[in-house]
Amino acid sequence: MNIHSFLADDNQQSKQYKYVLNNTNKVQEQSKNDRSASTLQNNYLRSFALKSAQQGNYTEAIALLSQLIYRHPHNAVDYNNRGLIYFQSGERQKALYDYNTALKLNPSLASAYNNRANYYAACGELATALVDYDRAIDLNPCHVRAWINRGITWRDLGQYEEAIENFEVALLFGQLEGHIWAERGRTYHLWGDWNCAIADYRRALTQLPDLKTTKDVTGSRLHLQIENWLNDLLSPEHPIW
């Protein structure tokens, strides 16, 4: 799953979103001979699509990205992003089609290899997933998501030491620490090192968004999962020495 930056905060985006949707025809007419205006509009649509997906509004996000693909059928990034949202919404075959299309258009798109690897991992094809994660990291050694996801895949294969090594490399980039500590903690948990697991779970909870205020669906789910893992370890059945 790749990382995206957004143009504005939630309140500003809500106003901009209404403006774009209510004035699409007007903007299209005005920007026929204005490349910069067209680019700005496309960026708005991408940003709103990704924000909608983050909030769980998958149908809306897919519709916006489909509109962009109709306008620019050779843009690999739009196919990759739509594939990601198809995957999040459970439409895996459509996701795979979009990832493959993105890679045909741009064989050097590291995020598409990472996303396709996620598809293979979800289908249980872990060896194939590792090949795509390796390719993503070869193309972009700073691709934090690929390092995290490859670590998760090594963990699923029972290779805990390799998994920890991947998470420790990911921490070097100073991004997504909450997610990394959560996954490293889970690895220690499964490996039987419960003290390290508890420490990492607690670190993760300090970094992930507050459940009461966030609209980040992924972050919220991970927050709840960590609380369940932590409660399991702190139960009387798991005394910590």
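This is a predicted model: local features need pLDDT of at least 70, side-chain atom pairs count only at pLDDT 80 or more; totals for chains, interfaces and linings use all residues.
Rings of Phe, Tyr and Trp (its six-membered ring) count as a pair if their centres lie within 6.5 Å; planes under 30 degrees apart are called stacked, over 60 edge-to-face, and the rest tilted. Residues are numbered from 1 along each chain as its sequence is written, and side-chain values use heavy atoms, with hydrogens and water left out.

**Exercise 1. How many aromatic pairs does the rule give, and how do Tyr119 and Tyr120 pair?**

Step 1. The count comes to four aromatic pairs.

Step 2. The ring centres of Tyr119 and Tyr120 are 5.4 Å apart and their planes stand at 65 degrees, so this pair is edge-to-face.

Step 3. Now look at accessibility: buried means under 20% relative accessible area, exposed over 50%, and partly exposed in between (1.4 Å probe, protein chains only). Tyr119 has 6% and is therefore buried; Tyr120, with 15%, is buried too.

**Exercise 2. Classify the pair Tyr201 and Trp229, and find the helices they belong to.**

Step 1. The centres lie 5.6 Å apart and the planes are at 25 degrees, so Tyr201 and Trp229 are stacked.

Step 2. Helices (H or I, at least four residues) and strands (E, at least two) are DSSP runs, numbered from the N terminus. Tyr201 sits in helix H12 (residues 194-207) and Trp229 in helix H13 (residues 217-233), so the pair ties together parts that are 28 residues apart in sequence.

Step 3. Tyr201 has a relative accessible area of 0% and is buried. Trp229 is buried as well, at 14%.

**Exercise 3. Which residue forms a salt bridge with Asp134, and which ring does Arg150 lie over?**

Step 1. Recall the rule: a salt bridge is a side-chain nitrogen of Lys or Arg within 4 Å of a carboxyl oxygen of Asp or Glu. A search of the whole structure finds nine of them.

Step 2. Asp134 is bridged to Arg150, with the closest N and O atoms 2.7 Å apart. The two residues are 16 residues apart, with Asp134 in helix H8 (residues 126-139) and Arg150 in helix H9 (residues 144-156).

Step 3. Asp134 is partly exposed at 31%, while Arg150 is buried at 15%.

Step 4. A charge sits over a ring if NZ of Lys or CZ of Arg is within 6 Å of the ring centre and within 35 degrees of the ring normal. Arg150 lies over the face of Trp147, at 4.8 Å from the ring centre.

**Exercise 4. Which residues are linked with Asp200 in a network of salt bridges?**

Step 1. Asp200 meets Arg184 in a salt bridge (2.6 Å, N to O). Asp200 lies in helix H12 and Arg184 in helix H11 (residues 177-191), so this contact ties together parts 16 residues apart in sequence.

Step 2. Asp200 also meets Arg203 in a salt bridge (2.6 Å, N to O). Arg203 and Asp200 are three residues apart in helix H12, which means they are separated by about one helical turn.

Step 3. Asp200 is buried at 1% and Arg184 is buried at 12%, whereas Arg203 is partly exposed at 37%.

Step 4. Putting the network together, Glu168, Arg184, Asp200 and Arg203 are linked by salt bridges.
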